[in-house]
Structure formats: structure tokens, C-alpha cells
Amino acid sequence: MREKIGKVALDYSFYPGVDLYSDGQVEEELLEIAKNHSREEFNRIIDDREKWPLLYHFSHIRENIVSWLPITRNDHVLEIGSGCGAVTGALARRAGQVTCVDLSKRRSLVNAYRNKDFDNINILVGNFQDIEKNLKETYDYITLIGVFEYSEGYIGTENPYVDMLKIIASHLKPEGKIIIGIENKLGMKYWAGCTEDHTGLYFEGLEGYPRSQGVRTFTRRELEEIFQKAGLGNGEFYYPYPDYKFPMAIFSDRWLPAEGDLKEINYNYDRERVRLFNETNVYNTILRE
């Protein structure tokens, strides 16, 4: 079964008939906004309604995580875990074709309505494991933005993070690239009193996830080990600040931050936190030394 929303095509061939992942009733509000309001109205709606899910799904700042990539009209992109389309539009503005994969029909409808004017977006709704076995082409870029940490739930093997990358790499062109956006397990905010982004527990990632299962973030060394085991080499690392969700700057090993560059500490919009120290001052101390 297929459906068109504007110029966007949705394919339900692999949809199990029920959304197995949902944030609840707020998704109806997200769909209403996407159906009835233009992209230019999103910031006003975010300001008026003051709800974290609206900020998270509709802020244009989300696009910064991919808008710098050297994607061209010659490139085909596979976006795994496209959700409500926070970065799909940014990819579609650059690529020749964007193929989205997402488990949720409702989220995919939000994606389709907000990006309905793009004729180069195709959304495959269903479980990634079912869909990937039937992908016919290979891709120049495959993105996992806020997805890789859930590989254990996607794959369920003994080494889910390595196996996830092996599966994805099989759909890459010879010179293709995998783009991963993920939280920093050792991020300063966790030391300073923010809870772990996925579990809501203080110091959970720093302590090695002793109380939780099903989701993991990693240190740089841990990621390099995963890449090596998956046969991908070490990869290149980039450092979005304050995080990959709302990146205002992206640093790299070739352009590291200088003293005074890291001064945004108001990024904890969705939950309570404690503030054990002033992160800006601590960053400046580290950078100075």
C-alpha cells in the first residue's frame, strides 16, 4: 500500500498495522501542526505553546546537524529513524533522493506533511530489519541521527552495535559514508548535574549504565572499537555544541574550541536538573590548560 502527501510518497508494505513506538497524545498535536501550518510558522507555535516535544521536533536548529555535510544533487541518502522529519527537509534540499525509514506511521505522516513540497522524499514505514532486506539500491550517505544508541532494540544480537553497522554498511556505495549523531557518554553536562538523556537517571552513563538496558551511548574510544569491529576503520569525529540535538557550532579535530567558545549552558529544556558547577567556567579552565 502506498500513499502520497503532496509530493512525498509513503510506502506501507512493511508496516505491521500498529505503531510500536509512540510518545503518546502529543503526536496528534504534532500531526495537526504539520498538516495545518507552514514551516515559517513553526517558531511562533513553539513560542506560543511552550512544549518540549514541539521544540524538539519542529525547531529549525535541529537541521544544523546535517546542513554542513557536502551532499549534492548527485547523492542518494538513506535516513534511518527519520521520525517526524526534523532533518529530512535539510537532506532533501541538498540530495537528489532521500529514502526515509521509520517504524511509526503517525510520525511518518508528520514528516510527509511538513515536507510535502519536496518531490525527492520516499518514506518506508516499518521495522528497519524487514525493510533493509528489501532495499535494492546502495547509498552515498546513510544517516543515524539519534538512532544508533537504540541498536540493541533494533537488532537484538550479542553485539548489536557492531552488527547494526555491518548491516548498514552493506547498503553503502564504495565511497559512501555513514553519519552518526549521538550523545557524548562523558558529556560535561552529565558531570554538572543533568540526567542521562535516555534513562533520566543521574550519572547513569558515566557509571556504565548499571541500572538500565536497551540503550547505550559511548566514549570516543568505545566508538572507535565498534567501528573497527564492524570493518569501518576509525572514522572522523565531529563535536556539535552544546549537543547534536540543537547544535549551534560543530567543532572537529582540525578546529577545536578555544577558550570562550563554549558558553551555552541552557540546553536542558525537557526535565529538571541540578547545577553542581558553572559549566562555562569549567570549560574555560580545561581549554586554558
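A helix here is a DSSP run of H or I at least four residues long, numbered from the N terminus. By that rule residues 64–67 make up helix α4, and Val66 sits in it. The close-ups below all come from a predicted model.

**View 1. Val66 in helix α4 and the residues around it.** Val66 belongs to α4, residues 64–67. Buried means under 20% relative accessible area, so Val66, at 1%, counts as buried. Setting aside neighbours within four places in sequence, Val66 touches Val87, Ala90, Leu91 and Ile145. Take Ile145 from that list: Ile145 is 79 residues away from Val66 in sequence, yet the two C-alpha atoms are 9.1 Å apart in space.

**View 2. Strand β3 and its partners β4 and β6.** Now for a closer look at β3. Four of the five residues of β3 are buried, so the strand is largely enclosed by the rest of the structure. To β4 (residues 97–102), β3 is joined by five bridges, and the two strands run parallel. With β6 (residues 139–145), β3 (residues 76–80) also pairs in the parallel sense, over three bridges. Which residue of β4 is the bridge partner of Leu78? That partner is Thr99. In β6, Leu78 stands opposite Ile142. Val77 stands opposite Tyr141, also in β6.

**View 3. Helix α9 against helix α11.** Two packed helices are described by the angle and the distance between their axes. For α9 (residues 160–169) and α11 (residues 220–229), the angle is about 50 degrees and the axes are 9 Å apart. That makes α9 and α11 oblique to each other. The crossing of α9 past α11 is right-handed. On the α9 side the contact is made by Tyr161, Val162, Leu165 and Lys166, and on the α11 side by Ile226, Phe227 and Lys229. Sorted by class, the contact of α9 with α11 comes out as five nonpolar, no polar and two charged residues.

**View 4. Helix α1 alongside helix α6.** From α1 come Glu27, Glu28, Leu30, Leu31, Ala34 and Lys35, and they meet Arg106, Arg107, Leu109, Val110, Tyr113 and Arg114 in α6. By class, the residues of the contact of α1 with α6 split into six nonpolar, no polar and six charged.

View 5. Most residues other than glycine have a negative phi, and most peptide bonds are trans. Phe203 isn't a glycine, but has a positive phi of about 65 degrees. Tyr209 also isn't a glycine, and the phi of Tyr209 is positive too, near 55 degrees. Phe203 lies in the loop between α10 (188–192) and α11, and Tyr209 is likewise found in the loop between α10 and α11. Are these two buried or partly exposed? Phe203 is partly exposed, with a relative accessible area of 30%, whereas Tyr209 is buried, at 4%. The peptide bond joining Tyr241 and Pro242 is cis, with omega at about 5 degrees. As for location, Pro242 is found in the loop between β8 (238–241) and β9 (249–252).

Definitions and conventions: Residues are numbered from 1 along each chain as its sequence is written. This is a predicted model: local features need pLDDT of at least 70, side-chain atom pairs count only at pLDDT 80 or more; totals for chains, interfaces and linings use all residues. Side-chain values use heavy atoms; hydrogens and water are left out. Axes are lines fitted to C-alpha atoms, for helices over the stretch in contact, and angles run from 0 to 180 degrees between N-to-C directions. Angles under 35 degrees count as roughly parallel, over 145 as roughly antiparallel, 65 to 115 as roughly perpendicular and the rest as oblique. A crossing is left-handed if the near helix is turned anticlockwise from the far one by less than a right angle, and right-handed if clockwise. Contact means heavy atoms within 4.5 Å. Ala, Val, Leu, Ile, Met, Phe, Trp, Tyr, Cys and Pro count as nonpolar, Asp, Glu, Lys and Arg as charged, and the others, Gly among them, as polar. Two strands pair if DSSP finds at least two bridges between them. Buried means under 20% relative accessible area, exposed over 50%, partly exposed in between (1.4 Å probe, protein chains only).
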